[in-house]
Amino acid sequence: VLSFRAVESQSEGQCVPVDSLWRRYSEFELLRNYLSITYPHIVVPPLPEKRADFVWHKLSADNMDPDFVERRRIGLENFLLRVASHPVLCQDKIFYSFLTQEGGWKEMVNETGFQLKADSRLKALNATFRVKNPDKRFTELKHYSDELQSVISHLLRVRARVADRLYGVYKVHGNYGRVFSEWSAIEKEMGDGLQSAGHHMDVYAASIDDILEEEEHYADQLKEYLFYAEALRAVCRKHELMQYDLEMAAQDLTSKKQQCEELATGTVRTFSLKGMTSKLFGQETPEQREAKIKVLEEQIQEGEEQLKSKNLEGRDFVKSAWADIERFKEQKNHDLKEALISYAVMQISMCKKGIQVWTNAKECFSKM
Amino acid sequence: ILLFLNFPIQDLSLPNGTPVDTSSPASSSSLLNRLQLDDDLDGETRDLFVTVDDPKKHVCTMETYITYRVTTKTTRAEFDLPEYSVRRRYQDFDWLRIKLEESQPTHLIPPLPEKFVVKGVVDRFSEEFVETRRKALDKFLKRITDHPVLSFNEHFNVFLTAKDLNAYKKQGMALLSKMGESVKYVTGGYKLRSRPLEFAAIGEYLDTFSLKLGTIDRIAQRIIKEQLEYLVELREYGPVYSTWGGLEVELSEQLEGVSACIGNCCTALEELSEDMTEDFLPVLREYILYSESMKNVLKKRDQVQAEYEAKLEAVALKKEDRPKVPTDVEKCQDRVECFNADLKADMERWQNNKRQDFRQLLMGMADKNIHYYEKCLTAWESIIPLLQDKPETK
């Protein structure tokens with residue numbers, strides 16, 4: 001309960017000057033960054049868009065537009081609610097202080113040194129290309145998240161165009177209002193009917209603004225899952241990285257073992273530069289060989305321990321990540337179903353309004 | 001009406017005793033007009049029914065054209081048979097209209113749909129075009145049928161009954177000079193000083209009326225255009241939900257449902273636009289044409305009055321002491337009075353019909369929109385249970 005109150009006061013604070021809003025958004029970004037790096041096996045909730053995208057009407061492309069600012073505020077609030085209701089994330093101390101601590105929070109986050117744990121983009125990309133045996137489920141999930149991102153962005157783009165066109169249709173009807181009024185001026189019996197029908201046409205034309213404003217909330221719900229796709233991909237990338245790391249470690253261990261064997265038996269199984277150099281520069285002394293073998297054996301032991309822990313780490317990661325992914329899937333199915341229902345309800349409401357207006361107009365016409 | 005027609009026309013005389021000049025069709029028709037007790041033709045008192053239907057395409061070596069069946073049912077004595085069925089093409093209707101304008105110049109003749117259509121833009125033989133034209137031609141004949149004077153016109157009778165209309169058309173050309181129909185009202189060169197207030201008011205009304213109709217026509221066209229552009233986007237929108245459905249497991253039915261629903265809305269929208277194009281726009285344009293031809297009749301009336309005033313002035317200038325005004329000036333006065341009476345009566349009838357026509361047209365427009373929204377509402381309401389469906393219940 002306490003954290004919810006803190007959330008609200010934070011959100012209210014955002015209504016203050018532009019500067020503080022931007023700082024606040026960057027603090028949200030910092031928080032999310034911290035969470036993503038600290039909990040790589042969790043599908044971390046996404047932030048709402050920084051800049052207005054998929055706009056249907058040129059006006060709302062402005063980041064200072066009060067409607068956009070308000071929707072973003074709601075999005076940020078939603079983000080905090082998501083984190084607060086996550087079984088693992090809600091227990092994080094940094095998150096708790098984000099909600100409760102006024103000053104010095106930024107420093108506190110940086111002091112955790114979380115940035116050091118971050119994987120470089122290049123390293124991640126490399127792993128993606130070179131990993132040999134990633135868990136099939138993660139490969140499928142990555143593919144799914146790519147497709148999801150593609151289909152939702154397509155949907156949002158077309159929806160914006162649909163909204164634009166619908167706006168045009170409704171607004172042109174407003175012209176009927178004016179011409180009916182002008183026409184009614186020269187008519188005797190027909191005048192009243194025309195005039196009042198024209199008024200209904202004006203009502204009809206005006207109604208589209210609220211209808212489309214409501215639809216923006218639906219678009220925001222879709223956008224959240226568009227950005228969630230990225231979070232899913234991040235978990236998959238982490239798995240690939242860990243798997244690649246594991247594979248590299250295993251490969252390294254195998255080659256060291258091989259070297260050891262070669263030195264011990266004196267045979268060169270496969271081509272190796274060392275073998276060549278020893279051939280070129282003469283064989284090593286038994287003492288040198290012994291020393292080398294000893295070093296290698298130490299390294300091998302270290303390597304085996306590392307491999308063991310990496311294996312364990314990897315399996316733990318897969319297990320906990322997959323648990324969160326299942327949780328996420330259920331959440332997603334529930335949320336999207338709700339979003340579709342609310343969209344259908346919006347359409348029903350729009351149809352009913354349309355029927356009402358035209359029925360009113362028809363009655364006016366009947367009195368002509 | 002039937003009763004009066006049994007009297008030979010020659011025996012009629014004006015209330016003040018002077019014999020009526022029956023050689024002029026105008027005066028006899030205006031007399032009939034004035035003698036009518038009841039203009040309103042209910043179903044019970046109606047004795048003439050005309051319908052246009054059954055369009056057929058004719059392919060000949062020289063040309064391809066459409067004919068329409070014109071069916072007549074009547075109890076009127078002017079018709080030899082109680083029923084007729086003939087085939088007529090557009091140029092026959094056009095011929096009729098011209099003949100009516102010539103023989104009944106003091107009356108408002110209903111308009112015909114546009115004669116020429118831009119080839120390549122409109123398919124003259126498409127079902128929609130032919131049907132739209134059929135409705136307009138049907139309306140044209142019905143308006144004449146409802147008119148107490150025009151419906152008794154000889155050319156109209158022939159149009160409805162003749163097996164070979166072309167033969168009559170050729171004959172008509174030869175008889176033109178004998179009948180002297182069109183010649184009588186070609187009054188040239190007279191300029192009216194001022195239009196009487198009531199006719200000036202009609203002229204102004206028609207000007208504003210046709211202007212407003214033009215605006216409404218443009219608005220309606222614009223709406224149809226916007227709707228079609230909206231439709232284009234919707235047609236891309238629906239299938240994306242389907243694609244998404246293919247990606248999901250749990251939600252695939254729901255997403256497919258939304259996709260199908262949007263598809264249904266697309267169909268409903270297409271129907272709305274088609275209906276507006278076929279039923280709404282043509283009637284608007286018809287009334288604009290009507291206004292134009294009515295303004296021409298007003299001008300003709302002005303001409304007749306101008307001629308009378310000029311001749312009257314000429315007589316006054318001669319300063320002759322005659323007890324009686326010369327007969328040709330008297331005839332002019334007659335003509336003016338008949339024209340004014342006919343026109344006023346027709347205007348009143350036209351205003352009433354116009355009110356009914358527009359009431360029906362606009363209610364129809366509202367109806368089409370209501371049906372569109374009802375179809376969409378049904379579609380969306382029907383998928384709510386599908387969307388709320390829990391996976392366990394499947």
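Contact here means heavy atoms within 4.5 Å. By that rule, 54 residues of chain A are in contact with 55 residues of chain B. This is a predicted model: local features need pLDDT of at least 70, side-chain atom pairs count only at pLDDT 80 or more, and totals for chains, interfaces and linings use all residues. Residues are numbered from 1 along each chain as its sequence is written, chains are lettered from A in the order in which they are written, and side-chain values use heavy atoms, leaving out hydrogens and water.

**Interface of chains A and B**
- The two chains bury about 5,300 Å² between them, 76% of it on carbon and sulfur atoms. Buried area is the accessible area (1.4 Å probe) that two parts lose on being put together, summed over both.
- There are 8 salt bridges between chain A and chain B (a side-chain nitrogen of Lys or Arg within 4 Å of a carboxyl oxygen of Asp or Glu).
- One of them joins Glu189(A) to Arg355(B), at 3.2 Å from N to O.

**Aromatic pairs**
- Over all chains, 33 aromatic pairs are found. Rings of Phe, Tyr and Trp (its six-membered ring) pair if their centres lie within 6.5 Å; planes under 30 degrees apart count as stacked, over 60 as edge-to-face and the rest as tilted.
- Tyr205(B) and Trp350(B) have ring centres 6.3 Å apart and planes at 80 degrees, so they pair edge-to-face.
- Both Tyr205(B) and Trp350(B) are buried (under 20% relative accessible area, with a 1.4 Å probe and protein chains only).
- Phe209(B) and Tyr287(B) are also edge-to-face, 6.3 Å centre to centre with 85 degrees between the planes. Both are buried.
- Ring pairs link a cluster that includes Trp183(A), Tyr205(B), Phe209(B) and Trp350(B).

Conventions. Buried < 20%, exposed > 50% of the residue type's maximum accessible area, 1.4 Å probe, protein only.
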